[in-house]
Amino acid sequence: MRVLYFAWLREKTGTSAEEITLPAGITTAAQLIGWLAARGPGYAAAFANPAVLRCAIGQEFCPLDTPLAGAAEVAFFPPVTGG
Amino acid sequence: MMRHIAIQEAPFDTAAELAALNAPGVGGIASFTGVVRGGDGLSALYLEHYPGMTERALERLADEAAARWPLAGCVVIHRVGRLAVGEAIVLVATASAHRAAALAATAYLIDQLKTRAPFWKAEEFGTGPRRWVEARESDEIAAQGWVNDLPPGADGL
């Protein structure tokens, strides 16, 4: 699965995109956040407060409790601020 | 419907974009231009986006506007990268037979773009670190308040 990070999540994790193998037992975006947060200090900082995070699965905005089944691309980012 | 949707670093030519919306049957062309607002020592904005998803999101908003109002044309151009104070960030423009549809569709598109397209802004102050802009609740209220083709607060008029 391809995981993308934008804005300050990209800066804190130090990466914009990576390939991961979804660990057993991780079925939702929220659970993936918990797993990512344990990968290192940068990830812990990026994912410390899930309430301020948004996600997209397959390039569609989704609530964090959305199942990841079949997803090829997941992105995490703060609320959007364009315009 | 004539449609021009673009995400680009380069400046856009507003006059040329508006001229391109003029066509037989068009009676009104409305537009909104967003610019980098200075103040408090701000030197520039840095904008990033989610390539692929952004284009899809903007196409969807144009589809929605075209379904709500009888539009002859629609332009949405959003710049990314580093933009200095005073530079234009975004252009939304629509054309229709009459002004009401063009004005309403333009307002709808910019209200929706602010909360439904994956762009992120950071502020730059001199040589200091970038500061990511936080989303505003008022933008969310503006986007969600559109009912019966009228902007928030206008439904009683």
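**Chain B and its contact with chain A**

Student: What makes the meeting of the side chains of A:Glu60 and B:Arg60 a salt bridge?

Tutor: In this predicted model, the N to O distance between the side chains of A:Glu60 and B:Arg60 is 2.7 Å, and a salt bridge requires a side-chain nitrogen of Lys or Arg within 4 Å of a carboxyl oxygen of Asp or Glu, so the pair qualifies. Between chain B and chain A the count is 3 salt bridges.

Student: What should I know about the numbering and the cut-offs of the model?

Tutor: Residues are numbered from 1 along each chain as its sequence is written, while chains are lettered from A and ligands numbered from 1 in the order in which they are written. Local features need pLDDT of at least 70, side-chain atom pairs count only at pLDDT 80 or more, totals for chains, interfaces and linings use all residues, and side-chain values use heavy atoms, with hydrogens and water left out.

Student: How do you know that β4 and β6 of chain B pair?

Tutor: Strands (DSSP runs of E, at least two residues, numbered from the N terminus) pair if DSSP finds at least two bridges between them; 7 bridges join β4 (residues 71-79) to β6 (residues 88-96), which run antiparallel, so the two strands of chain B pair.

Student: Why are β1 and β2 of chain B said to stand at the edges?

Tutor: The open sheet has the order β1-β4-β6-β2, and β1 (2-8) and β2 (28-35) each have a single partner strand, so one side of each is left without a neighbour in the sheet.

Conventions:
Helix = DSSP H or I, 4+ residues; strand = E, 2+ residues; numbered from the N terminus.
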